[in-house]
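This report examines one protein model. Please look at the sequence and the structure before reading on.

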Amino acid sequence: MMKQVPIIAIISIIAFLIVKLHKGIVRHVGTKDVENVLKSSLLITFILLIITYISRYIVHIDVLNLSLSILLIHFLLNVVFLSFARYIFKYIYHKMTGTLGTSHNVMIYGAGDAGILTSSVFKDGKEGDSKVIGFIDDDNRKVGNKINGVPIYPTSSLTKDFVRCKNLKEIIISVQKISSERMLEITDKCSELGIKVKIVPPIEHWMNGVLEAKQIKQINIEDLLGREAIQIENPTLEKEFRNKTILITGAAGSIGSEIAKQISRYEYKKIVLLDMGESALFNLQQYFAGKGLRDIECIVSDTRNAKRMDLLYSRFPPDIVFHASAYKHVPFMEENPYEAVKTNVCGTQIMADLAIKYGVGKFVMVSTDKAVNPTNVMGATKRLAELYVSALKDESKTKFITTRFGNVLGSNGSVIPTFKAQIKEGGPLTVTHKDITRFFMTIPEACRLVLEAGAMGHGGEIFVFDMGKSVKIFDLAVKMIKLSGLRYPEDIDIKIIGLRPGEKIYEEVLSNEENTLPTYHDRIKIAKIREVDHQQTQRDIRKLCNINNGMDRMEIVGEMKKILPEFISNNSEFSILDKKEV
């Protein structure tokens, strides 16, 4: 034995080093460490079996002739004691540091494969301050069973007494396909019980197919959109941007920056980012620098400056232009129609004309649902920009394409950041009308639509997105209060402040069979638009862009209404112009 122990020790050390058993952190011991113990023990036993075979049948060295029963016992003792010791040391560490009793109890909604994988994150010590005490599932066939010793409960078990008895602090939704309605039901119920709710991302977003604890996030309002997120997997986009110079205006904004980030994943030649906001553009530049991306030019300039834009086109002749530069806030543009016209209409005219001059392949303009039967200055300017771009479709080889979508969740100045700020300040949340509704999409969805439109467009189309059901803003406010772990109206109230000038209660439906034509993607349609005299439209819009900045607001809006008969102001001082025309 004394001769054999040193040999066994050397072989064991080699096996432990190969498996890297010493790399495990004791206070975070989990099933992965036990797996490594098993691997190293098997490796030791395998090496000893080879040595025993050689000593018995080849070289006949008695000291290396080990009993097979001893090898089996040695293997079992290795596994048991090495694993047990690790858990004992972990227990002692937490006992000494006082962290043993600080874990909070969580339950996992969903006892399927995703739920089991999620529970392993906690068992492996990756989320050391949390303990899974049960699963919740809607399938009655699973209820009453156990997974790895953890019981499965029905949804109905979630009561105040249950939560208090189990000291339940958190529920993690781990179901890969769950409707937003069901998610909201769970969120509402947990909010009433004072339980936090988190969600596991889709499997395709897991890091190398493995779920990390840091990926389990609190539910965002985006998760409760009321429809499945649009998914576009178009292999032609790779070809669309390969070795191309792409100009993006309004690049520092929510949409422009996301377009830039998505295009940066392809094999582009150069990306030119144009914006007036130097701070936001600098931040975007730093983002790309941090990613190590090259051939990205950031230009601080104004699309309304024709000479500067001409120089920009000549310096970086683009193959594709994504025009996202615009003023978008309805109340501000209602008060400043001259600025709205100069940026949204004249800026678009300058960029589109230069696209023809420099032979740009595609010009993709970002528009809005507020351009449909506009009731405010902002929507009207975007509709005029659409008309001008559409009027150019037959004048050159440049393909002019327009995309329309509704409100973007989380964009600068949108309702979500506003509500978040108001919640942070303790409320109240302000809503203009209790019945006001809007269509919503996420920033990545909006940008995927823009890129897809650029790929599928042949010129002259206005692409719209099937945005599902409209969302009641009042209900959205209530949801956000609940997602923040607060109660309405006990903790935070909602105040109705009245419609703002130019604001609609209901936005126009962008996509239905009456006003659209289908494309190869079931969520993207082509809008049917009225035929117009393109040459006359160009003349009218160019004339509008030459308006003197000394004109008063009424005169400017009056000129817009002459070009756009469908522009009927709502809840605005400009309504008087519509009455005059009647």
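The model is predicted: local features need pLDDT of at least 70, side-chain atom pairs count only at pLDDT 80 or more, and totals for chains, interfaces and linings use all residues. Residues are numbered from 1 along each chain as its sequence is written, and side-chain values use heavy atoms, with hydrogens and water left out.

**The whole protein**

The protein contains 19 helices and 22 strands. Helices (H or I, at least four residues) and strands (E, at least two) are DSSP runs, numbered from the N terminus. Of the 582 residues, 48% are buried; buried means under 20% relative accessible area, exposed over 50%, and partly exposed in between (1.4 Å probe, protein chains only). A contact means heavy atoms within 4.5 Å. Among contacts between residues at least 6 apart in sequence, 75% join residues at least 24 apart.

**Helices α8 and α15**

Helix α8 (residues 254–263) packs with helix α15 (residues 443–456) at an angle of about 65°, and their axes are 9 Å apart. Axes are lines fitted to C-alpha atoms, for helices over the stretch in contact, and angles run from 0 to 180 degrees between N-to-C directions. The two helices α8 and α15 are therefore roughly perpendicular to each other, a term for angles of 65 to 115 degrees (under 35 is roughly parallel, over 145 roughly antiparallel, and the rest oblique). On the α8 side, the residues that meet α15 include Ser254, Glu258 and Gln262; on the α15 side, Pro444, Cys447 and Arg448 are among them. The residues of this contact between α8 and α15 comprise 9 nonpolar, 2 polar and 2 charged. Here Ala, Val, Leu, Ile, Met, Phe, Trp, Tyr, Cys and Pro count as nonpolar, Asp, Glu, Lys and Arg as charged, and the others, Gly among them, as polar.

| Residue | Helix | Relative accessible area |
|---|---|---|
| Isoleucine 563 | α18 (residues 553–563) | 15% |
| Glutamate 386 | α13 (residues 377–391) | 0% |

Isoleucine 563 and aspartate 540 are 23 residues apart in sequence, and their C-alpha atoms are 6.8 Å apart in space. Beyond its neighbours within four places in sequence, isoleucine 563 is in contact with Leu384, Arg530, Asp540, Ile541 and Leu544.

For glutamate 386, residues touched outside four places in sequence include Met365, Ser367, Thr402 and Ile462. The side chains of glutamate 386 and serine 367 make a polar contact (2.5 Å). A polar contact is a pair of N or O atoms within 3.5 Å; within protein, one must be able to donate a hydrogen and the other to accept it, and residues adjacent in sequence count only if both atoms are side-chain atoms.
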